[in-house]
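Student: I have a protein chain open on the screen. Could we go through it with questions and answers?

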Amino acid sequence: MAFQAAIPPGGTWFDTLKKSFVDVPVDSSNGNAIPTSEFLEAAESLTTLFDLLGSLAFTPVKNDMIGNIKKVRDRQLASPNESSTIQSLVLNELKSKKHISAEGLLWLVRGLDFTSQALRHTLQNPDVELSTSFRNAYTGTLKPHHSFMVKPIFSAAMSATPYKKDFYVKMGNEEKAKVDMAEWLDALEGQVKVLKEFQERKEAKW
């Protein structure tokens, strides 16, 4: 489980990440292959964002993402030679007539898409509070796939976000945080796009 490290003086939350999506290489010469270990480390690092938001209401959101990361990592550990990239991991699992990690990845990508959309909206709309950005992102990503029992739990978290001014205080140096966030989001959004397109391929379905 990922825990938030202390933000260095003059730095931001992004400086505390064990692995950033910026540092995950996407191999465009090999079908946009994404390395499994680096991607999972970056996703795990992202989950400390939910600690930063400062409400226990986000615990189920964080735990859900960590659980899906574990499903993918368990497959990687069980079959390392077939799992060097996210795409090869899924395709090789599906050949064995199983889809535990493939389903975990599906939900993980939805969670990453939700997070990226919420933060992108936050960055692009300085006068809009986080609660609005997170609610809009939830409605467009995770909510359509959640059961009637799960929706209230996640909806409660969307309303528990801090005020934007307090959020940036938690982030560290506000101006640097905005620059770092834009770079991090560019990388995250690119990888989410690659994986969503991959998951639409016939051979990636079960």
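**Phe114 and the rest of the chain**

Tutor: Phe114 has its place in helix H5. The model is a predicted one.

Student: Is Phe114 buried or exposed?

Tutor: The relative accessibility of Phe114 is 1%. A residue counts as buried under 20%. Phe114 is therefore buried.

Student: Which residues does Phe114 touch, apart from those up to four places away in sequence?

Tutor: Residues up to four places away in sequence are not counted here. Phe114 lies in helix H5. The residues it touches are Phe50, Val61, Phe134, Ala137, Tyr138, Thr141, Leu142 and Met158.

Student: Which residues is Ser116 in contact with, leaving aside neighbours within four places in sequence?

Tutor: Neighbours within four places in sequence are left aside. The contacts of Ser116 are then Leu185, Leu188 and Glu189.

Student: What secondary structure does the protein chain have?

Tutor: From the N terminus, the elements run α-α-α-α-α-α-α-α-α. The count for the protein chain is 9 helices and 0 strands.

Student: Why is the protein chain said to be as compact as a globular protein of its length?

Tutor: The globule rule gives 17 Å for 206 residues. The protein chain is as compact as a globular protein of that length because its radius of gyration is close to that value, at 17 Å.

Student: What box do the C-alpha atoms fill?

Tutor: The box is taken along the principal axes. The C-alpha atoms of the protein chain fill roughly 50 × 40 × 25 Å.

Student: What percentage of the residues are buried?

Tutor: The protein chain has 206 residues. Buried residues make up 48% of them.

Student: Which residues touch the most other members of the largest nonpolar core?

Tutor: The largest nonpolar core holds 55 residues. Its largest share, 10 residues, comes from helix H9, residues 174-199. The members that touch the most others are Phe21, Phe39, Leu112, Phe167 and Trp184.

Student: What is Phe21 in contact with, leaving aside neighbours within four places in sequence?

Tutor: Phe21 belongs to that largest nonpolar core. With its neighbours within four places left aside, its contacts are Phe39, Ala42, Ala43, Leu46, Leu112, Trp184, Ala187, Leu188 and Gln191.

Student: Gln87 comes next. Is it buried or exposed?

Tutor: Gln87 has its place in helix H4, residues 86-95. Its relative accessibility is 7%, and buried means under 20%. Gln87 therefore counts as buried.

Student: Which residues is Gln87 in contact with, leaving aside neighbours within four places in sequence?

Tutor: Neighbours within four places in sequence are again left aside. The contacts of Gln87 are Gly31, Asn32, Ala33, Ile34, Val194, Leu195 and Phe198.

Student: What is the phi of Asn32?

Tutor: Most residues other than glycine have a negative phi. Asn32 is not a glycine, yet its phi is positive. Asn32 is in the segment before helix H1, residues 36-46. Its phi is about 60 degrees.

Student: Lys97 has a positive phi as well. Where is Lys97, and is it buried or exposed?

Tutor: Phi of Lys97 is near 65 degrees. Lys97 is found in the loop between H4 and helix H5, residues 100-124. Its relative accessible area is 76%, and exposed means over 50%. Lys97 is therefore exposed.

Student: How far is Asp166 from Leu53 in space?

Tutor: Asp166 has its place in helix H8, residues 164-171. It is partly exposed, with a relative accessible area of 30%. In sequence, Asp166 and Leu53 are 113 residues apart. From C-alpha to C-alpha, the distance is 9.3 Å.

How values were computed. Residues numbered from 1 in each chain as written. Predicted model: local features only at pLDDT ≥ 70, side-chain atom pairs only at ≥ 80, totals over all residues. Heavy atoms only, no water. Helix = DSSP H or I, 4+ residues; strand = E, 2+ residues; numbered from the N terminus. Rg over C-alpha atoms; globule rule 2.2 N^0.38 Å. Buried < 20%, exposed > 50% of the residue type's maximum accessible area, 1.4 Å probe, protein only. Core = buried A, V, L, I, M, F, W, Y, C linked by side-chain atoms within 4.5 Å. Contact = heavy atoms within 4.5 Å.
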